[in-house]
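Reader: I have a fold on screen and want to learn to read it. Where do we start?
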Amino acid sequence: MKLRTRFAAASLAALALAGGVTSTAAQAAAPDAPAVVQTNVLSADAALKIADAVQKEAAKQKQRVTVAIVDRSGATRLILKGDGAGPQTEESAKRKAFTAVSFGQPTSALAKNQALAAIPGTLLLAGGVPVASGGAPIAGIGVGGAPSGAIDEAIAQAGLKAVQGRLG
């Protein structure tokens with residue numbers, strides 16, 4: 001049995017090297033590596049609280065916006081188009097949320113790196129903020145519709161603030 005295990009490990013290592021996989025990736029494929037990885041996910045309740053806080057802040061600032069919340073993989077968790085928000089706001093909010101979670105930074109901080117614009121789905125305009133738990137991004141909030149990205153981002157930050165103490 002011990003010989004079979006060594007042979008399997010050697011075979012995996014040879015395949016990894018032949019395929020151009022680095023030694024770190026080969027180690028990750030070791031037989032004792034876990035087959036399941038746990039990740040944190042923003043709850044539906046938290047997403048609703050964020051969206052509610054975003055729309056309340058937008059109303060306070062007399063803005064008509066859409067809020068989008070995506071999970072770590074970029075899948076849409078929630079879209080709430082406020083009354084009077086323009087037709088372009090849904091797509092821009094989704095792309096801002098995607099960009100924020102993808103890079104773990106507010107989109108305003110990424111705007112100067114135009115090379116990132118080549119990545120499908122990104123939007124390098126202010127208005128997206130990441131949601132982090134344990135130091136890692138787990139979701140993104142995107143807001144679109146205000147006359148400037150700075151206003152969109154301030155409104156998105158109000159949504160994040162609504163759940164900040166419960167993120168762990």
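Reader: In what order do the four strands lie in the sheet, and is the pairing parallel or antiparallel?

Author: Strands of a sheet pair through backbone hydrogen bonds, in either a parallel or an antiparallel sense. This model is predicted. Here the order is β2-β1-β4-β3, the sheet is open, and the pairing is antiparallel.

Reader: Which strands are at the edges?

Author: Look for strands that pair on one side only. Those are β2, residues 76-81, and β3, residues 128-133. From one strand to the next, the twist averages 15 degrees.

Reader: How many bridges join β3 and β4?

Author: Six, in the antiparallel sense, with β4 spanning residues 136-144. Take Val129 as an example: its bridge partner in β4 is Ile141.

Reader: Now the helices. Which strands does α3 touch?

Author: Helix α3, residues 44-60, packs on the sheet and touches β1 (66-71), β2 and β4. The direction of α3 makes about 155 degrees with that of β1.

Reader: And which strands does α4 lie across?

Author: Helix α4, residues 89-103, lies across β1, β2, β3 and β4. Its angle to β4 is about 155 degrees.

Reader: What share of the residues is buried?

Author: Buried means under 20% relative accessible area. By that cut-off, 36% of the 168 residues count. The accessible surface comes to about 9,700 Å², with 59% belonging to carbon and sulfur atoms.

Note on methods: Residues are numbered from 1 along each chain as its sequence is written. This is a predicted model: local features need pLDDT of at least 70, side-chain atom pairs count only at pLDDT 80 or more; totals for chains, interfaces and linings use all residues. Side-chain values use heavy atoms; hydrogens and water are left out. Buried means under 20% relative accessible area, exposed over 50%, partly exposed in between (1.4 Å probe, protein chains only). Accessible areas come from the Shrake-Rupley method with a 1.4 Å probe; for residues, only the protein chains shown count as cover. Two strands pair if DSSP finds at least two bridges between them. Helices (H or I, at least four residues) and strands (E, at least two) are DSSP runs, numbered from the N terminus. Axes are lines fitted to C-alpha atoms, for helices over the stretch in contact, and angles run from 0 to 180 degrees between N-to-C directions. Contact means heavy atoms within 4.5 Å.
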